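Here's a quick tour for someone opening this structure for the first time. Take a look at the sequence and the 3D view, then read on.

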Amino acid sequence: MSPVLRPRRRSGGSGSRPRWLRSPKVAAGSLILLFFVLLAVFGPMVAPHSPEWQASTLDNVPHPPSSQFWLGTDVQQHDLFSQLLAGGRDTLLIAFVGGLVATALSVIVGVSAGFLGGKADEVLSILTNIFLALPGLLILMVVMKMMPDGDTGNPLLIGAVIALSAWAWGARVLRAQTLALRNQDYVESARVVGESRVRIIVFEILPNLLPILASSFIFTVIYGIGAYASLAWLGLINPTTASWGTMLNTAQQFSATTSGTWWWYGPPALCVAFVGIALALLNFGIDEIVNPRMRSTRRGLRSKGPRFQLGLTPVVRD
C-alpha cells in the first residue's frame, strides 16, 4: 500500500513572508543596521551639545561617565556622548558612498569585460588585476596625504577615494558570472532579435546578478568603514570632522589606551565593530538564501533523518 503524501502545514504564517525575512542572520543584521542608520540620521539632532562644545577650558583631566556626561569627557572637556551621536553620520555616509561608487565601477568593468570578451576583456582584466595587487590602504594614505586639508573633511570625496581601492574584487566576481551568462538561451535570443549590447546587459544580464551585486555592495561598505576608521586613526582626516574615527585618533594622540580612559576609545570602537557585524550578518544571510548548496546543507542539518558520517553506513530499521 503506497503511503499517502500530505501537504506540509505552514506554521505561524511564516510561509507568507519573503524568504529573506525568515533568515535569522538577515533579521539580526537588519535590526542592528537600522539602529545605527537612525542614530546617524537623528543623532546630531538629539545630542545634548555640539561636538565642539567644551564643559570647561581650565580643566585638562578626562572625567569618567557620570549623570551629567553619560560617556564622560576627554582632555579638552568635550562631551563624548555628543561626539558619538554626531560622529555616526559621516562614518556611515562615507561607507555607503564608497560602496555605491565601488559597486558601480565593478559593474562597468566586470560586466563589460565578461560580456564583450576579446581585447576588451584582456585590457579590463589586466586593469582589475593591477588594482587587486596594489595595497589598498597604502594607496589611500598617499592620496589622502596629497589632498588639501579642506577636502579631507568632505565625506562624498572621501567615499569616492575609498571606492577607487575597493572595486576590483567585485569586478572580478562579476566578470566570472557574466562569462557564464552571456551564452545562455535568453541572451542569444536577444542578440538574434537585434537588441543592442547595452540593452542586453541592462535587461538580461544585470537582473540575474542582483544577489551578487548586493553581496558585493555590502562587502565594500564593510571595507569602507574599516578604511575610513583607519585613515582617521592615522590622522589623515580633518580633525575638526566629527566621526568615530577622529574620536579614536584623538584618544590615540592623548594615550587614552595606556592611561585607562576606556570611555574615550571604547564606545566609538564598539560602534564601528557592531556596524561591521551587522553588515557581515546581512552578507552571510544573503549568501545562504541565494546559494543553493548552502541552503541545502542547512536544511540537511535541521532534518530528523539519518545523519551520514564518514566511514559509517546508516541502516534504517522498519
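Buried, here, means under 20% relative accessible area. Keep in mind that this is a predicted model.

## Helix H5 and its cover

Let's start with helix H5, which runs over residues 155-163. Which residues of helix H5 are buried? They're Pro 155, Ile 158, Gly 159, Val 161, Ile 162 and Ala 163. Among the things covering these buried residues are three other helices: H2 (80-116), H4 (136-146) and H9 (210-233).

There's also something to spot at the start of H5. A side-chain oxygen of Asn 154 comes to within 3.2 Å of the backbone nitrogen of Leu 156 there.

## Thr 220 in helix H9

Helix H9, one of the helices covering H5's buried residues, is also where you'll find Thr 220. Is Thr 220 buried or exposed? Its relative accessible area is 3%, so Thr 220 is buried.

Leaving aside residues up to four places away in sequence, Thr 220 touches Gly 99, Ala 102, Thr 103 and Ala 166.

## Ala 256 in helix H11

Now hop along to helix H11, which spans residues 256-259 and includes Ala 256. Why does Ala 256 count as buried? Because its relative accessibility is 0%.

What does Ala 256 touch, not counting residues up to four places away in sequence? Its contacts are Ala 251, Thr 261, Trp 264 and Tyr 265. As for Gly 266, that residue is 10 residues from Ala 256 in sequence, and their C-alpha atoms are 9.9 Å apart in space.

How values were computed: Residues numbered from 1 in each chain as written. Predicted model: local features only at pLDDT ≥ 70, side-chain atom pairs only at ≥ 80, totals over all residues. Heavy atoms only, no water. Helix = DSSP H or I, 4+ residues; strand = E, 2+ residues; numbered from the N terminus. Buried < 20%, exposed > 50% of the residue type's maximum accessible area, 1.4 Å probe, protein only. Contact = heavy atoms within 4.5 Å. Polar contact = N/O pair within 3.5 Å; in protein donor to acceptor, adjacent residues only side chain to side chain.
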